[in-house]
Amino acid sequence: MKTIRTHFELYLLLFLSFSAFGQHKNDVTATLNAESNILTLAQKITYTNETGTTLTEIYLNDWSHAFSGKDTPLAKRFAEEYHRNFHLAREKKRGNTTVDQISANGATLDWERLEKQVDIIKLTLNKPLQANETVTLDLIYQVKLPYDEFTRYGFKKNGDFSLRYWYMTPAAYRNGWILYSNKNLDDLYTEQAEHNITLTVPSKFKVVSSADTAVDNGNGTFQLSAKAVKDITILLRQNSDFKTFQTDKVNITTNLDPYQLNEKQQAIAIDKVVQFIHEKLGDFPRKNMMISRIDNKKNPVYGLGQLPSFIRPFTDDFQYEIKILKAILTKNLEESMWMDTRTEKWISDALETYMLMVYAETFYPNMMLAGGLSKVWGVRSYEFAKLNFNDQYPFLYMLMARKNIDQPLNTSKDSLTKFNNNIANKYKAGVGLKYLKSYFDDTIIDDFVKEFYATNRLKISSRKDFEDLLKSKAPKNIDWYFDTYVDTRKRIDYKIKKVKKLDDSLQVTIKNKYDGDFPISLFGIKNDTVVSKHWVTDIGKKKTVSIPSDGIDRLVLNYDKIIPEFNQRDNWKSLNGFFANNKKLRFTFFKDAENPHYNQIFFVPVARFNLYDGFTPGMRLYNKVFLTKRFLYDLKPSYGLRSKQLVGSGSVSYRHDIEKTNSDLYFIRYTVGGNYFNYAEDLTYTRFVPKITFGFRDPDFRSNQKEFIDLRYVIVQREQSADPDIAVDNDPNYSVFNARYVYSNPDPIRHMVWFTDFQITKRFSKISFNLDYRKLFQDNRQLNVRFFFGKFLFNDTNSDFFSFALDRPTDYLFDYNYYGRSEDTGLFSQQIIVAEGGFKSKLPNPFSNDWIGTANASYSLWKWIEAYGDIGFIKDNGSNTRFVYDSGIRLNLVPDFFELYFPVYSNNGWEIAQPGFDQRIRFIVTLSPKTLLKLFTRKWF
């Protein structure tokens, strides 16, 4: 009887497997021409209508065609992240699909590409496909493979090939077609299917693939097959460095960098990781798994492990285990969890990050975030060196929350900023499960994770399945987790408002600083030892709870820092009197992580340069930690080695973030700043500026579009000189109210920034408009256009100090970083900051005390060599309007940071043929490291 039941269960399992995975089938015959990088394909798709409704059309994912142009969704995403290499690439580097024929059951079909999603093909069926009916689609087409520098898949410079999403697959249908374009997110959403591939390649290639079985038929022909997968990834290598490590659970084929581990040590590490995953999750979806360097490069273990090998602070075995763990987890969940790959990706991210945390806790409980550096003299005293390895997860999520650019977990993956998609949201998702584990205070979450994986492995599932199971396991109400933690950006931030001592208890009042209602842990501490822990819920705006006193000398919210709280500086309250709650000062060299128990002041040497003060070393004193704070101060006392004077600058600011998702206004910043330097030989100036800035952004956080309103009052006091060449105006001291609106959309393909400016003081008032536009064309040539118009509303001044300028504004507001602001001759007078008129040549009478209108343009000739031209009209009171122009060659080496201008022809005549041409060359040079750093960080945020 037992044998009969066992056989029945086996037949039932086979039947269910066939039902789940035998409905759709992809048979592909492909031949690679390695010289032209073209695949010729004949494909048969067997599609069964499992939608429960009648279909009149079927959609196919043709992600190879995403590389076909510079206006595809993929190309636009590259532009959003400041990747210009795709737009600048020659045609032979970009891929496409050429369709020769598509038929269904032998009859030719009409087909078209979607207008705004050219990598999606719509097939119009000749007759409706009823529910549970099957249609056979025959396709003949060619795929021109792209260069692998764009997505790491395609043809490589050394002649190898990496193929992923290289043939067509049916789009997923979930109460409607889900049509996702290729956006370099590795998230193809298609139906489970059986894939059988016959691939013919030159005999020099070895084939490594994600297939279940791979048979070499000889003469460069390979038979590959896999069931219940999205597609088959194939790597063609002339010299393969892949090794296969067999375990009793799954075979891992990989070429990940083993550091200094030998093959036996790698095998031990991989088996350790595989056994851990199997214990915590369950069976692997397939017997074989391929993990390549591409997987690691596209989804690395971010952090100190990416540092060069000579300063890596972690041991080789730890680094290799964490790297292989993350890669296997990602691949395992990708192949096991059949959920919406964009709107529900946060669920698999939560499982992956949670498992990474559990692994570190299990095998490396004492591992620090700084690794071995945490024990090095000079480093170990820093707060970041005291962070546990797992502290990185809430820390890096909080990095975005503090910048007010975090996004809800349920945000579609293609709508996340790069940092949120790659790091912050993944970490927040995993920390959320850790939060719940602490809240439940037992093994419920571990059991839930394993049951959810086992129940939904290789099945179509959704958030509802995740939510229903979690709520059924939870011993407490967790509506807040889904409704607030997952679906909103609401902050977790509480403080202990007051504590009242009673006979044997404490009345603790907890204040909610935001409108999110989350549970918070309250710890009682005695002599640095935890004596009690209580969870406080339903706090609302404020709540008072009573707890046993138990000899407690300190109360702390979120003492174990498991909860990703926005601000932990006000989480504790000492019961030993008022002065015990005062925070001590701590001076630290260079920036550090935040310590909520101290008022931290950081110091670091700085230096700057101008002609009059000379080289100016100084000391910067500031309070900015790794995570952005609302209140900031930054003081830079310095000493001018040439002027022999104390000089410097400083600012104090407070930023109020607006967290409302339906508001374009996202911050208000209040700033008071000032500086004291020499503006000419032995002449100092003092500048004091109170300012309010309003920041607005597009609801789409990926958009580079921003708007700002600046309101400021600039107070300037200058020493006056008897030298008539330096003396400016009768009054060296003045105050100007300045209001400016700025629109900024610094897209690398279509850059536009414009502003309107209004200034008023007792002696003049002026308005101006400035527009900068930059366009990168399909032929990779670039056009730069700038327009400026300025007009005095009234002007009672008697010099040109406050006038508009054609080529070198006087900068009476001291906004520009002139190295020699009062120079009329010599190298420093050749520095140009493109403002106001924006001319490059020095023309006679370059100032206007009435109005000015100019246009500046440049156009690419070859790479970074451009031709430029400026034209304009300038009008002085009591004079006729003048027409002015100049032209020349621009070397646009790094736009806005390092540029050279060589004048050719202007109102001055042929300048290139005139004496002293080297003194007519103008330059832009930016020496600020902070400004240059923005070139590399802007694509992440």
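The structure holds 54 salt bridges. A salt bridge here is a side-chain nitrogen of Lys or Arg within 4 Å of a carboxyl oxygen of Asp or Glu. The model is predicted: local features need pLDDT of at least 70, side-chain atom pairs count only at pLDDT 80 or more, and totals for chains, interfaces and linings use all residues. Residues are numbered from 1 along each chain as its sequence is written, and side-chain values use heavy atoms, leaving out hydrogens and water.

| Pair | N to O distance |
|---|---|
| Arg286 and Glu335 | 3.0 Å |
| Asp446 and Lys437 | 3.2 Å |
| Glu681 and Arg642 | 3.0 Å |

Take Arg286 and Glu335, which form a salt bridge. This pair links distant parts of the chain, 49 residues apart. Arg286 sits in the loop between α4 (263-280) and β21 (288-291), while Glu335 belongs to helix α6 (residues 316-336). Helices (H or I, at least four residues) and strands (E, at least two) are DSSP runs, numbered from the N terminus.

Are these two side chains buried or exposed? Arg286 is buried at 11% relative accessibility, and Glu335 is buried at 13%. Buried means under 20% relative accessible area, exposed over 50%, and partly exposed in between (1.4 Å probe, protein chains only).

Next come Asp446 and Lys437, another salt bridge. Asp446 is partly exposed at 23%. Lys437 is partly exposed at 21%.

Glu681 also pairs with Arg642. Glu681 lies in the loop between β36 (665-680) and β37 (683-697), and Arg642 in the loop between β34 (631-640) and β35 (645-657), so the pair ties together parts 39 residues apart in sequence. Glu681 is partly exposed at 40%, and Arg642 is partly exposed at 43%.

Salt bridges can also share partners: Arg463, Glu467, Lys471, Asp479 and Asp487 are joined this way into one network.
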